[in-house]
Amino acid sequence: MSPLRIYKASAGSGKTYALTLEYLRLLFRFPAMHRHILAVTFTNKAAGEMKHRILNRLHALAGQTDEGSVDELHELMRISGLDEKGVREKAAHLLDVILNDYSGFSVETIDKFFQSVIRSFTREIGIQPGYNLELDHHRVLSLAVDQLFQDISDHPELQGWLIRFAE
């Protein structure tokens, strides 16, 4: 099994369904490994929807609701080698494990994932641990120009260049 699986598809093509099923396949193949499975998507809405679907699918598979896909049930029976009752019992167990360790249930946006990676290595990459990531380009540009004008008196060469540029 490849440690990385990438799905590329257009809007409305069933990506969330496919990712949910893949997440369930991994859970059934490697029980109690939800802390080691990372599902990444682009928007907070999609990440929330995917988390919701995973939990709903486990709930449905556990026999708590009538809502469910027979194909999904058969696929999980195939990969786990369990019968229907076994899949339902395992789904109930997995749901319980995830709900009791919800902070380890990682379905997040790509920017949140990279933020956590950067925060983990702040010392190694030479940035302050309390840094803030600013996504407002206009604000960043305004702050950079303000900083430039504050520092200009210490740099006569830069001061001369800016005066020539302005003229």
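Select Y23 in helix α1. The model on screen is predicted. Buried or exposed? Check Y23. Its relative accessibility is 2%, and the cut-off for buried is under 20%, so Y23 counts as buried.

Show what surrounds Y23. Leaving out residues up to four places away in sequence, Y23 touches H34, I37, A39, I54 and F105. Draw a distance from Y23 to I54: the C-alpha atoms are separated by 7.6 Å, although the two residues are 31 apart along the chain. Together with Y23 they form one aromatic cluster.

**The largest pocket**

Stay with α1. Which element gives the largest share of the lining of the largest pocket? It is α1, with seven residues. The largest pocket has a volume of about 1,000 Å³. Its lining counts 31 residues, and those closest to the pocket centre are R5, L19, L38, A39 and V40. Select these five to find the middle of the pocket. Then colour the elements that give two or more residues to the lining: α1, β1 (39-41) and α2. Colour the lining by residue class as well. It divides into 20 nonpolar, seven polar and four charged residues.

**T109 in strand β2**

Next, select T109. Its place is in strand β2, residues 107-109. With 3% relative accessibility, T109 counts as buried. Which residues does T109 contact, apart from neighbours within four places in sequence? They are V40, T41, F42, T43, N44 and A47.

**Helix α3**

Move to helix α3, residues 70-80. Its buried residues are E72, L73, E75 and L76. Look down the axis of α3: the buried residues fall within an arc of 165°, so they line one face of the helix. In general, an α-helix has 3.6 residues a turn, so residues three or four places apart point the same way.

What do the buried residues of α3 pack against? Show α1 (15-29), α2 (44-61) and α4 (84-100): these are the packing partners. Now turn the view around. The face of α3 turned away from its buried side carries the exposed residues V70, D71 and R78. Follow the chain onward to G81, which comes after α3. The phi of G81 is positive, near 75°.

Select L148, in helix α7 (residues 137-151). L148 is partly exposed, with 29% relative accessibility. Set aside residues up to four places away in sequence, and L148 touches L158 and L162.

Finish on helix α8, residues 156-166, and pick W161 and F165. Both lie in α8, four residues apart, about one turn of the helix. How are their rings arranged? The ring centres are 5.5 Å apart and the planes stand at 10°; stacked requires planes under 30 degrees apart, so the pair is stacked. The count of aromatic pairs comes to four.

W161 is partly exposed, with a relative accessible area of 47%. F165 has a relative accessible area of 64%, over the 50% cut-off, so F165 is exposed.

Definitions and conventions: Residues are numbered from 1 along each chain as its sequence is written. This is a predicted model: local features need pLDDT of at least 70, side-chain atom pairs count only at pLDDT 80 or more; totals for chains, interfaces and linings use all residues. Side-chain values use heavy atoms; hydrogens and water are left out. Buried means under 20% relative accessible area, exposed over 50%, partly exposed in between (1.4 Å probe, protein chains only). The arc is that of the directions from the helix axis to the C-beta atoms. Contact means heavy atoms within 4.5 Å. On a 1 Å grid over the protein atoms alone, a cavity is a set of points where a 1.4 Å probe fits but cannot get out, and a pocket is an open set with protein on both sides within 12 Å along at least five of seven lines; lining residues have an atom within 4 Å of a point. Grid points are joined across faces, edges and corners, and a volume is the space filled by probe spheres set on the points. Ala, Val, Leu, Ile, Met, Phe, Trp, Tyr, Cys and Pro count as nonpolar, Asp, Glu, Lys and Arg as charged, and the others, Gly among them, as polar. Rings of Phe, Tyr and Trp (its six-membered ring) pair if their centres lie within 6.5 Å; planes under 30 degrees apart count as stacked, over 60 as edge-to-face and the rest as tilted.
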